[in-house]
Amino acid sequence: MEAERAPGMLRRLVRLWRLYATLDLIWLARDARQALLWSLSDMVTSAAGVAATLLIAERFAGIGPWSRPQVMFLMGYALTVEGILVMFFSNNILHISRRVGRGQLDHILTQPQPIWAAFLTEGFCPFTGSAVLAAGLALLGWATVRLGLAVSPSWAAAAALNLAASTAVALSFSFLWASLAFWAPRAAEEISSSAVDIIVQLKRFPLDGLGPLLRLGLLTCLPAGLTAWLPCRYLLGQARGVWAAAVTPLAGLLFVALAAWAFRKGLEHYGRTGSQRYSSFGHRR
Amino acid sequence: MGGPVLSATLPSGTVVELAGVCKTYRQRQRSERLGDIWRNLLHPEVREVQALRDVSLTIGRGEVVAYAGPNGAGKSTTVKILSSALAPDAGKVRVLGMDPIRDRVRYVGRIGVVFGQRTELWWDHPVAASFEWKRVVWDVARPRYERMLGLVKELLGLNEYWHTLSRELSLGQRMRADLGLALLHEPEILFLDEPTIGLDVLAKRNMLRFIQEVNRERQVTVMLTSHDMAELEQLAGRIVLIDRGHIAFDGPFDRLRRELGDRRHLLIETPNGSPPRARGRALGAQRGRPPRVHL
């Protein structure tokens, strides 16, 4: 199966996504009251998450050079990236350091499929994880209309590519830090949560007012700027040219390569040492 | 170029072959004294624990092998190595003609693994959902799935809690479901690490009966670890005893009983290290070792 051809692997991925979607729906629908509460609380949390930025934009008629609808666009983009992460990488895939730190990778290693296939599919929650994505897409759509952006097929493709790249940056950032958990399982068990949280908190603000050094830091070491601000500048026409179009997708590729390298190193270490601790908590729940 | 050598092809009927397998864990030692804080940080003492020392072992197709030993003897390390979760430091491992690490994806599709203290069940889903999950992930063909599902449901009595959430099962029910899950893709070898841990007598007996039946009817090779010798004897014809990483015994239970069963070792430590005396004669002392008396 290692040498499974691309069409066969794609069919397998689709089958797995369908399976996890079914499991997610069954879980959500196990109790009507819980399903309602879950959806409601998810919407409230999403709204609360963007409230601070929106209130600042409202109070000061924008943030720096960004008008109110542009801030809404930025928020919509940021929420959409967050929504994709939640929808596709739940079940402690986004917070992978938990699985590494708790010694739960053995469960994946004993499955007859590549590890990356498990990571790509096991966190798919289209029903319980759709509220944030829906809110993000709605905000993005509303802001696009307000801004009167000409949505051509090429613009839509660029938006999709940037959204995918921003998601890849955030996910890779989590995996990069999570690699530490191979060497320090207890101390780094929650490091993915911290990495994801800091990206989520910072990506909701335009970075124009910051000094060049700080801005560079937020585009490299702590790449919050790559998960909303920089791609939005291009999509809103604030930055033009080939470089502006390519920078976020290229950064996405670079972060994926870095994370894959670090995680592979960690896996090799895990193969040599195993895990001295095991917790059943958070596994398949 | 030296080191253990595996046979070029597995001897006919041999499914598991370990040759000179070693595994050492490194444990950092920390002092509790404040004065050692820099030493703890910069140059901590590292203790090496040799979990497996030159372990060589073969298992034939259809055999049931009991793998026994005290805590920390190396049982779980062996099972982890055989289930692709851990690489040996030295030595060769070949199961079903494959290297468990290098051929992981193909290999794990042909074995079944149950760790007594872990579960493969989806916690917040009915038991049935975990079986459907297994069918898709292991890509089990529908006719085979239906056949095996019917078998494990009947033999393990899964019907009574088929639609119950896994987290609401008793330990015995959970273990039965986990065992059924491990068999769903018709593995050729079953590695069971303490599958009866925590089970009551009845649940234990049912579990053992099922493993026996699977071995007899389907020729599944079984390697089972446990502390409970009576339980192992009931199930396996052959026992491999492991002690501090060494294989201390490998053979049938009868021979084990013949060699060790009528003997007990009594260790006597005397305050000044001098051998105890009985009827004016020193009892079996050896230089530098506590005297050992055969009873």
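The model is a predicted one, in which local features need pLDDT of at least 70 and side-chain atom pairs count only at pLDDT 80 or more, while totals for chains, interfaces and linings use all residues. Residues are numbered from 1 along each chain as its sequence is written, and chains are lettered from A and ligands numbered from 1 in the order in which they are written.

Chain B has nine helices and 13 strands, where helices (H or I, at least four residues) and strands (E, at least two) are DSSP runs numbered from the N terminus. Of its 295 residues, 35% count as buried; a residue is buried if 20 or more other C-beta atoms, placed from the backbone, lie within 10 Å of its own, exposed if 12 or fewer do, and partly exposed in between. Two residues are in contact if their C-beta atoms, placed from the backbone, lie within 7 Å, and among the contacts in chain B with a separation of 6 or more, 69% come from residues 24 or more positions apart.

Six strands of chain B form an open sheet in the order S5-S6-S7-S3-S8-S9, with mixed pairing; two strands pair if DSSP finds at least two bridges between them. At the edges are strand S5 (111–115) and strand S9 (246–252) of chain B, each of which pairs on one side only. Neighbouring strands of the sheet are turned by 15° against each other on average, direction ignored. Helix H2 (residues 75–82) of chain B packs on this sheet, touching strand S3 (64–68), S6, strand S7 (221–226) and strand S8 (238–243) of chain B, and its direction makes about 145° with that of S6(B). Such angles run from 0 to 180 degrees between N-to-C directions, with axes taken as lines fitted to C-alpha atoms, for helices over the stretch in contact. Helix H6 (residues 171–183) of chain B also packs on the sheet, where it touches S5 and S6 of chain B with a direction about 165° from that of S5(B).

Within the sheet, S5(B) and strand S6 (residues 189–193) of chain B run parallel and are joined by five bridges, with Val114(B) standing opposite Leu192(B) in S6(B). S3(B) is mostly covered, since five of its five residues are buried: Val64(B), Ala66(B) and Ala68(B) point one way from the strand, and Val65(B) and Tyr67(B) point the other way. S3(B) runs parallel to S7(B), to which five bridges join it, and parallel to S8(B), to which four bridges join it. Ala68(B) stands opposite Ser226(B) in S7(B) and opposite Leu241(B) in S8(B).

The contact between the chains takes 26 residues from chain B and 24 residues from chain A. Helix H3 (104–108) and helix H4 (127–137) of chain B each supply at least two residues of the side of chain B that touches chain A. That side divides into 15 nonpolar, five polar and six charged residues, where Ala, Val, Leu, Ile, Met, Phe, Trp, Tyr, Cys and Pro count as nonpolar, Asp, Glu, Lys and Arg as charged, and the others, Gly among them, as polar.

In chain A, helix H1 (residues 6–28) has buried residues Leu16(A), Tyr20(A), Leu23(A), Asp24(A) and Trp27(A). What covers them includes helix H6 (115–121) of chain A together with H4 of chain B.

The largest nonpolar core has 137 residues, and those with the most contacts inside it are Leu74(A), Leu85(A), Ala66(B), Phe191(B) and Leu224(B); such a core is a set of buried Ala, Val, Leu, Ile, Met, Phe, Trp, Tyr and Cys residues joined through C-beta atoms within 7 Å. Helix H3 (residues 68–88) of chain A gives the most to this core, with 14 residues.

Some single residues remain. Most residues other than glycine have a negative phi. Ser84(B), in the loop between H2 and strand S4 (90–95) of chain B, has a positive phi near 75°, and Ser84(B) counts as buried because 27 C-beta neighbours lie inside 10 Å. Leu96(B), in the loop between S4 and H3 of chain B, likewise has a positive phi, of about 55°. By contrast, Ala187(A) counts as exposed because it has 11 C-beta neighbours inside 10 Å, and its place is in the loop between helix H8 (153–178) and helix H9 (191–202) of chain A.
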